Amino acid sequence: MSLLPSCVEVSKLLSEALDSGRPLGLHVRIHLSICAVCRRVLDHFSLIRRGAARAPEEGPSLSNEAKARLRRALDAG
Amino acid sequence: MTDPSTWVDAYGDRLFRYALSRVRDEGSAEDLIQDVFITALKSRDRYKGESSELTWMTGILRNKIFEFYRRQAKEVPLLPSDEDAGPEAEFFSGRHWISSSAPRDWGGEPARKAESAEFSAALKKCLDALTQNVARAFILREMEGVPPQDAAAALGIAPAHLAVLLYRARLRLRRCLERSHFAPEAA
């Protein structure tokens with residue numbers, strides 16, 4: 001039995017660390033130092049977080065009907 | 001503060017896109033924008049001009065989005081289901097990654113790719129492929145940056161359950177975005 005956590009355990013711990021903000025444990029860091037695939041997971045999770053948090057700059061617009069409804073609501077408000 | 005009669009033209013589309021990316025339903029997004037404008041109208045005395053009007057209204061919208069998910073979770077509670085089971089079998093065999101699901105090198109400039117309009121479109125498609133429970137958890141935590149304790153409380157679940165949903169969301173979105181956006185040639 002290995003003393004180091006497996007890729008399954010490491011991927012789970014990386015996800016948890018993103019939420020707890022706690023530093024990664026020694027065994028996880030050792031695993032990452034020898035496992036390029038799990039290092040990618042850490043990078044990918046972080047990139048997805050950064051991209052997902054941004055406000056979309058392009059995309060659909062309000063329809064004319066919706067704009068008219070909003071103007072009426074503001075007038076009545 | 002600008003004349004409220006100009007708000008729809010000045011801010012409507014940007015607020016709508018933001019809301020739509022978070023609630024994923026045009027009718028709900030429009031309702032939220034209407035709520036935002038009415039709240040802004042009623043509380044404009046409190047606007048101090050320390051940020052732009054758009055930033056101020058986006059802050060109001062983010063509160064409305066949080067309330068939207070809290071209300072939705074009360075109406076349709078997240079029930080213990082297959083979401084409680086870990087996603088390991090989809091991605092791992094024993095201790096290691098299944099080769100078809102192992103993260104690949106995203107090459108190029110992935111940071112720039114994560115900030116593109118194409119990323120937003122790919123993320124939307126990948127979110128649509130998640131179950132509702134998993135998507136709600138991801139939207140609140142990762143898109144809206146809600147602290148885990150607050151996100152779990154809003155969804156009416158234990159923090160440990162939220163952690164499972166987020167783990168599943170991250171693994172599935174990572175794979176989906178890799179195949180559709182970051183490294184489609186390797187898929």
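Q: A crossing is left-handed if the near helix is turned anticlockwise from the far one by less than a right angle, and right-handed if clockwise. Which hand has the crossing of helix 2 of chain B and helix 3 of chain B?
A: Before we look, note that this is a predicted model, where local features need pLDDT of at least 70, side-chain atom pairs count only at pLDDT 80 or more, and totals for chains, interfaces and linings use all residues. Residues are numbered from 1 along each chain as its sequence is written, while chains are lettered from A and ligands numbered from 1 in the order in which they are written. Helices (DSSP runs of H or I, at least four residues) and strands (E, at least two) are numbered from the N terminus. For helix 2 and helix 3 of chain B, the crossing is right-handed.

Q: How are helix 2 of chain B and helix 3 of chain B oriented to each other?
A: Their axes (lines fitted to C-alpha atoms over the stretch in contact, with angles from 0 to 180 degrees between N-to-C directions) come within 9 Å and cross at roughly 130°. Angles under 35 degrees count as roughly parallel, over 145 as roughly antiparallel, 65 to 115 as roughly perpendicular and the rest as oblique. Helix 2 of chain B and helix 3 of chain B are therefore oblique.

Q: How many nonpolar residues has the contact of helix 2 of chain B with helix 3 of chain B?
A: Two residues are in contact if their C-beta atoms, placed from the backbone, lie within 7 Å. Among the residues making this contact are B:L32 and B:V36 of helix 2 of chain B and B:I60 and B:F68 of helix 3 of chain B. Ala, Val, Leu, Ile, Met, Phe, Trp, Tyr, Cys and Pro count as nonpolar, Asp, Glu, Lys and Arg as charged, and the others, Gly among them, as polar. Beside two polar and two charged residues, the count of nonpolar ones is eight.

Q: Is B:R24 buried, partly exposed or exposed?
A: B:R24 sits in the loop between helix 1 and helix 2 of chain B, and has a positive phi of about 60° although it is not a glycine. A residue is buried if 20 or more other C-beta atoms lie within 10 Å of its own, exposed if 12 or fewer, and partly exposed in between. Because B:R24 has 15 C-beta neighbours inside 10 Å, it counts as partly exposed.

Q: Which element of chain B gives the most to the side that touches chain A?
A: The contact takes 46 residues from chain B and 36 residues from chain A. Elements giving two or more residues to the chain B side include helix 1 (7-23), helix 2 (26-42) and helix 9 (159-182) of chain B. With nine residues, the one that gives the most is helix 1 of chain B.

Q: What is the radius of gyration of chain A?
A: Chain A holds four helices and zero strands, and its C-alpha trace spans about 70 × 25 × 15 Å along its principal axes. The radius of gyration is taken over C-alpha atoms, and the globule rule is 2.2 Å times the number of residues to the power 0.38. A compact globule of 77 residues would have a value near 11 Å, but chain A has 22 Å.
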